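This briefing goes through selected features of one protein chain.

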Amino acid sequence: MAAPGENLKINADRLWDSLMEMAKIGPGIAGGNNRQTLTDEDAEGRALFQSWCEDAGCTMGVDQMGNMFARREGTDPDALPVYVGSHLDTQPTGGKYDGVLGVLGGLEVIRSLNDLGIQTRHPIVVTNWTNEEGTRYAPAMLASGVFAGKHTQEWAYDKVDAEGKRFGDELERIGWKGDEVVGARKMHAFFELHIEQGPILEAEGKDVGVVTHGQGLRWIECTVTGKESHTGSTPMHMRRNAGRGLALITELVHEIAMKNQPGAVGAIGHVDVYPNSRNIIPGKVVFTIDMRTHLLDKLNGMVDELMARAPELCEGIGVEFSAEIVGQFDPPAFDEGCVAAVRNAAERLGYSHIDIISGAGHDACWINDVAPTAMVMCPCVDGLSHNEAEEISPEWAAAGCNVLFHAVVETAEIV
């Protein structure tokens, strides 16, 4: 297939203006956004996106999970579409770019093709996936997970938020429950543009990240059980301190992650201490370990080592250890052909780039199971994301979107 010429570029100013316009919907309190899934603000953002897509000549489809699909026709009615997109929902204290850059970058691909009068053999479809963030309704990447067959629609509909409101009811309330069967669409390929959400690209001085893999993860909920007793009157040698178990396992998790470098991480993020009183030795501690890497054998080995050594450490100080895996997905390796299209686009356009592993989960990680998939990443300041201070530059956005443009158009085949 013919590659687009390096002179083909998106309209960088229009892309940035669209990002700033979308950011006016669901403003945060510190410069970012609070446009959580299935809220009135989400509905307003969806409506703006739909109006922009229709102005660009696209037709809009919506499935029963609220996923939005804006289609630009190709010249071959039998050719499967090339999909591109991300998500418009945000964290409660989210930034203006996480997810949104990928959706509006996809729209800019369509707009630029229109400006240039370019037709493609394959249709191009810009997608907004519902509830990628998973903040209001866990888990993350919920609707793309249903699309890829990872979850059932009924299970997703029955998810409730902190106020007890069902996902299915709220989807209907905001008016974005479509008629399409979820997952019925077939894809030629899928591309997702996203901010890195980490510090590597900025630290390395690179314009573009070519994402080769996503990280797999295991969330392990652990319980250390000791005996509550008075901190002042219990002799040190007679204590069964569950807090010591937490401390030992915290160091163990760090040790396991460090010896599996490069590309492995691990930490304890959530901790509940019982009874959580300043003058009572903890009798029980419940905490969750998050382990991630892009190599499945390494990930399983890290978990196996934890499960073997943690009980021994706890037994040594007179407390008990138990654990169960409460969240997991295996690391995706993105399609080599789609990854090559991204890498070739960056080289053709003269952007500095490196191969990178996505440290966060994305809709592309699920879609990778049902269609050839790849991701493009651009830097973000200090690697900061899921924070209202999240920031990128117009130049970074343009570089990422230009690479996306070339990869999508090459895959969709110019006619």
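**Helix 12**

Helix 12, formed by residues 394-412, has 19 residues and runs 26 Å from its first C-alpha to its last, close to the 27 Å expected at 1.5 Å a residue. The model is predicted, and local features need a pLDDT of at least 70.

- Helix 12 is mostly covered, with 17 of its 19 residues buried.
- Just after helix 12, E413 has a positive phi of about 70°.

- An unreviewed UniProt entry places the feature "binding site" at H87, D98 and H194.
- These residues span 108 residues in sequence, yet no two of their C-alpha atoms are more than 9.7 Å apart, so they gather at one spot.
- Of these residues, D98 is included in the lining of the largest cavity.

**D98**

- The loop between strand 3 (82-86) and helix 3 (100-116) holds D98.
- D98 has a relative accessibility of 5% and therefore counts as buried, the cut-off being under 20%.
- Leaving aside neighbours within four places in sequence, D98 is in contact with H87, D89, E133, H194, I195, Q197, S385, H386 and E390.
- The side chain of D98 makes a polar contact of 3.3 Å with the side chain of H87.
- A polar contact of 3.0 Å joins the side chain of D98 to that of H194.
- With the side chain of Q197, the side chain of D98 has a polar contact of 3.2 Å.

**H194**

- H194 belongs to strand 5, residues 189-195.
- The relative accessible area of H194 is 1%, so this residue is buried.
- Not counting residues up to four places away in sequence, H194 touches S86, H87, D98, G99, H362, M375, V376, M377 and C378.

**E133**

- E133 is placed in the loop between strand 4 (124-128) and helix 4 (142-147).
- With a relative accessible area of 9%, E133 is buried.
- E133 touches H87, D89, T90, Q91, D98, A140 and H386, residues up to four places away in sequence not being counted.

**Annotated domain**

- Residues 215-310 carry the UniProt annotation "domain: Peptidase M20 dimerisation", from an unreviewed entry.
- The end C-alpha atoms of residues 215-310 are 24 Å apart, and the span is 34% helix and 36% strand.

**Largest pocket**

- The volume of the largest pocket is about 1000 Å³.
- The largest pocket is lined by 44 residues, of which L217, W219, R292, A360 and G361 are the closest to its centre.
- The elements that give two or more residues to the lining of the largest pocket are strand 7 (216-225), strand 9 (264-274), strand 11 (284-293), strand 12 (320-329) and strand 13 (353-358).

**D42**

- D42 is part of helix 2, residues 40-55.
- D42 counts as buried because its relative accessibility is 3%, against a cut-off of under 20%.
- Apart from neighbours within four places in sequence, D42 is in contact with R35, Q36, T37 and I174.
- The side chain of D42 reaches the backbone nitrogen of L38 at 2.8 Å.
- D42 and W16 lie 26 residues apart in sequence and, C-alpha to C-alpha, 20 Å apart in space.

Note on methods. Residues numbered from 1 in each chain as written. Predicted model: local features only at pLDDT ≥ 70, side-chain atom pairs only at ≥ 80, totals over all residues. Heavy atoms only, no water. Helix = DSSP H or I, 4+ residues; strand = E, 2+ residues; numbered from the N terminus. Expected span 1.5 Å × (residues − 1). Buried < 20%, exposed > 50% of the residue type's maximum accessible area, 1.4 Å probe, protein only. UniProt positions renumbered as here; feature names shortened; annotations may be inferred. 1 Å grid on protein atoms, 1.4 Å probe; cavity = no way out; pocket = protein on both sides within 12 Å on 5 of 7 lines; lining within 4 Å. Contact = heavy atoms within 4.5 Å. Polar contact = N/O pair within 3.5 Å; in protein donor to acceptor, adjacent residues only side chain to side chain. Points joined across faces, edges and corners; volume = space filled by probe spheres on them.
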